[in-house]
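Okay, thanks everyone, I'll keep this short.

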Amino acid sequence: MQYLTSVLFFIFSTSAAFSGEVVLGLGVDDVLAHTETSAPAFVAEYHSSPFFEGPQAAYSFAVAAQLDSDQDIFLGAGLSAQWHVKNSPWFIEGSFMPGLYTKGTDGTPLNGKLQFRTLIGLGYELNDSSSVSLALDHKSNARLKSPNPGSETLVVRYRHSFR
């Protein structure tokens with residue numbers, strides 16, 4: 001829990017200084033599970049200013065923290081991308097983040113601390129600095145260990161840009 005507090009402090013204390021964006025989300029972890037392991041989840045992310053920005057796509061570095069009511073914790077860092085649908089406020093988002101995972105009390109056993117999170121989402125820009133999206137992520141150990149059960153989280157996300 002101390003790690004999550006430190007990451008959230010870093011995200012919120014540096015976001016304006018680095019002029020990136022903060023993403024906050026609420027959703028359900030283990031949404032595709034065939035058992036009763038689904039749990040409410042909270043996600044916080046920081047995305048840097050884009051290191052590449054084209055006419056319809058922007059790529060940035062990102063860090064993420066996810067905590068669910070089973071006390072599962074994921075902390076990751078990697079790449080994030082946003083592809084804008086031409087002449088509309090709609091966009092597609094995606095990310096890839098290797099990270100560390102800790103299973104909580106009744107959490108999901110993902111077989112290993114090292115996990116990889118991939119995310120795909122569909123979003124809508126509310127104005128120049130705010131947007132909302134619906135995203136699905138998948139965490140797994142990429143078959144580094146067997147078994148590789150994986151876990152999916154469905155999240156409604158709010159994004160605020162400081163650019």
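So, of the 163 residues in this chain, 44% count as buried. Keep in mind that this is a predicted model. The chain exposes about 8700 Å², and 65% of that comes from carbon and sulfur atoms.

On to the fold. If you take contacts between residues at least 6 apart in sequence, 54% of them join residues at least 24 apart.

Now the holes. Why roll a probe at all? Because a probe the size of a water molecule, rolled over the atoms, shows where empty space is left. Here the count is 2 cavities of 30 Å³ or more.

The largest cavity holds about 90 Å³ of space. It has 13 lining residues, and the closest to its centre are E21, A58, S60, Q82 and R159. Strand 4, which is 57–68, and strand 5, which is 73–84, each give at least two residues to that lining. What classes line it? You get 4 nonpolar, 5 polar and 4 charged residues.

The second largest cavity has about 30 Å³ of space. Around it sit D29, Q66, L67, D68, D72, I73, F74, Y101 and K139. Those split into 4 nonpolar, 1 polar and 4 charged. Which strand supplies the largest share of this lining? That's strand 4, with 3 residues. Strand 5 also puts in at least two.

That's my bit, happy to go back to the picture.

Notes. Residues numbered from 1 in each chain as written. Predicted model: local features only at pLDDT ≥ 70, side-chain atom pairs only at ≥ 80, totals over all residues. Heavy atoms only, no water. Buried < 20%, exposed > 50% of the residue type's maximum accessible area, 1.4 Å probe, protein only. Contact = heavy atoms within 4.5 Å. Areas by Shrake-Rupley, 256 points an atom, 1.4 Å probe, with all protein chains shown as cover. 1 Å grid on protein atoms, 1.4 Å probe; cavity = no way out; pocket = protein on both sides within 12 Å on 5 of 7 lines; lining within 4 Å. Points joined across faces, edges and corners; volume = space filled by probe spheres on them. Helix = DSSP H or I, 4+ residues; strand = E, 2+ residues; numbered from the N terminus. Nonpolar A, V, L, I, M, F, W, Y, C, P; charged D, E, K, R; others polar.
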